[in-house]
Amino acid sequence: MCQECGCGSGGGDVKIGSHAHEHEHDHPHQGHEHHHHKHSHGLAHQTLNLNRSLLEKNDRLAEHNRGFFRAKKLLVLNVVSSPGSGKTTFIRETAAKLAGKLRVGVIVGDLATDNDAAKLRTAGIPVVQITTGTVCHLDADMVSKAAGQLDLDQLDVLVIENVGNLVCPADYDLGEDLRVVLLSVTEGEDKPLKYPPMFHTAHVAVITKSDMAAAAGFNLELALQNLERVSHHARIFELSAKTGDGMKAWLDFLGERQAAVAAK
């Protein structure tokens, strides 16, 4: 899996804002267990399994991020989805509709280009771009470095737009309060069943592009049933960022959650 998606290449230069960083890449996918073999002439191999989590370092950094963000009274969202689900439009419209109520900043992750960041900047949203190269997800260290380039004291909500991928980002805690997974009506109702780790770990599931549901032949009832099977604990919203339908419930939810964070 890692070699197919590019993660197996080892490190690489990750560009955060105007800076490049060396990225040490440990990946937790199945099939990547590491063993130490002790050899002796005439004896069978002995295998010692090292159960130390490959994500231990990331988890420590994520907890550091979480504590730092909470001290700043920030509500932090990790927005994940497959490519083309409408993440950037969803984030842009969320920030625009919260203007005057909550101040939103964004960290954008993409393998290449800063196109999404540029779209967000045109709406007056403070943005830091992370260009990951061959790395198909963001990790806690990248987020920490990117957050350092934002004036967090001037923000109420920090949105992390993760790399478009429904596999690898599921394993990486970034220090967020809420993991928000998007499901576009153009992707089909069975996406939660195909990618259960991502949908199961999400706190919120958002069905996007609802204005295209009829044209796409999207079965909302079936999609909700599938989400209930995999993401039964998640808060579910159905909306269209383009038309604004369903956005009020989502924005009200964010306002409530940010108020709860600020009150701690």
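Predicted model: local features only at pLDDT ≥ 70, side-chain atom pairs only at ≥ 80, totals over all residues.
Reader: Which residues of helix 5 are buried?
Author: Helix 5 covers residues 140-147. A residue counts as buried when its relative accessible area is under 20%. In helix 5 those are A140, M142, V143, A146 and A147.

Reader: Where around the axis of helix 5 do they lie?
Author: The residues in question are A140, M142, V143, A146 and A147. They span an arc of only 160° around the axis, so they lie on the same side of helix 5.

Reader: What covers the buried residues of helix 5?
Author: Both a helix and strands take part in the cover. The helix is helix 2 (56-71). The strands include strand 1 (13-16), strand 6 (104-110), strand 7 (127-131) and strand 8 (157-161).

Reader: At the start of helix 5, which backbone nitrogen does a side-chain oxygen of D139 reach?
Author: The side-chain oxygen of D139 comes to within 3.2 Å of this nitrogen. The nitrogen belongs to the backbone of D141.

Reader: Why is strand 5 largely enclosed by the rest of the structure?
Author: L75, L77 and V79 point one way from strand 5, while V76, N78 and V80 point the other way. Residues on both sides are buried. Strand 5 is largely enclosed because its buried residues number six of the six.

Reader: How many bridges join strand 5 to strand 9?
Author: Strand 5 runs parallel to strand 8, with five bridges between them, and L75 has V157 as its bridge partner there. Strand 9 (residues 178-184) also runs parallel to strand 5, and L178 in strand 9 stands opposite L77. The bridges joining strand 5 to strand 9 number four.

Notes:
Residues numbered from 1 in each chain as written. Heavy atoms only, no water. Buried < 20%, exposed > 50% of the residue type's maximum accessible area, 1.4 Å probe, protein only. Helix = DSSP H or I, 4+ residues; strand = E, 2+ residues; numbered from the N terminus. Arc of directions from axis to C-beta. Contact = heavy atoms within 4.5 Å. Polar contact = N/O pair within 3.5 Å; in protein donor to acceptor, adjacent residues only side chain to side chain. Pairing = 2+ DSSP bridges.
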